[in-house]
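User: I've got a structure open and I'd like to learn how to read its sheet. Can you walk me through it?

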Amino acid sequence: KVNDNELKIVSGFEKVGAKTKDMAVVMKALGLTNKKQSVLMLTDNTVSVTRAIRNLEGIRLLPAIQANTYEILQAKTVMIMKEAIEILEKNFSPKE
């Protein structure tokens, strides 16, 4: 995904607000259209982002705590909210 530029680290989605129309503009600016299947990994405390994106076709919301290889490989584009990286590191780093 990284080599094909299909991985995006995003931040500031909370500032967009809970309007689907506004989030659709942001997704279009990121080059994501309804025809592409995308996954957005987020934290649990992003209610406004969830509300704004849940009605957009082609974008699946995935809490970072539930991230799995199947979802990542199935998606054309994977977006990870900057705040969710810490959760991913905690869950997927080798245990000592």
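Analyst: Strands are DSSP runs of E with at least two residues, numbered from the N terminus. Keep in mind that this is a predicted model, where local features need pLDDT of at least 70, side-chain atom pairs count only at pLDDT 80 or more, and totals for chains, interfaces and linings use all residues. Residues are numbered from 1 along each chain as its sequence is written, and side-chain values use heavy atoms, leaving out hydrogens and water.

User: Which residues of S4 are buried on each side?

Analyst: Thr77, Met79 and Met81 are buried on one side, Val78 and Ile80 on the other, and both faces are covered. That's 5 of the 5 residues of S4, so the strand is largely enclosed by the rest of the structure.

User: In what order do the strands of the sheet come?

Analyst: Two strands pair if DSSP finds at least two bridges between them. Here you have an open sheet of 4 strands, ordered S1-S4-S2-S3, with parallel pairing. S1 (7–10) and S3 (59–63) are at the edges with a single partner strand each, so one side of each has no neighbour in the sheet.

User: How many bridges link S2 and S4?

Analyst: S2 (residues 38–42) and S4 (residues 77–81) pair in the parallel sense over 4 bridges. Valine 39 stands opposite valine 78 in S4, and methionine 41 has isoleucine 80 as its bridge partner there.

User: Which residue of S4 is the bridge partner of leucine 7?

Analyst: Valine 78 is. S1 and S4 also pair in the parallel sense, over 4 bridges.

Note on methods:
Buried < 20%, exposed > 50% of the residue type's maximum accessible area, 1.4 Å probe, protein only.
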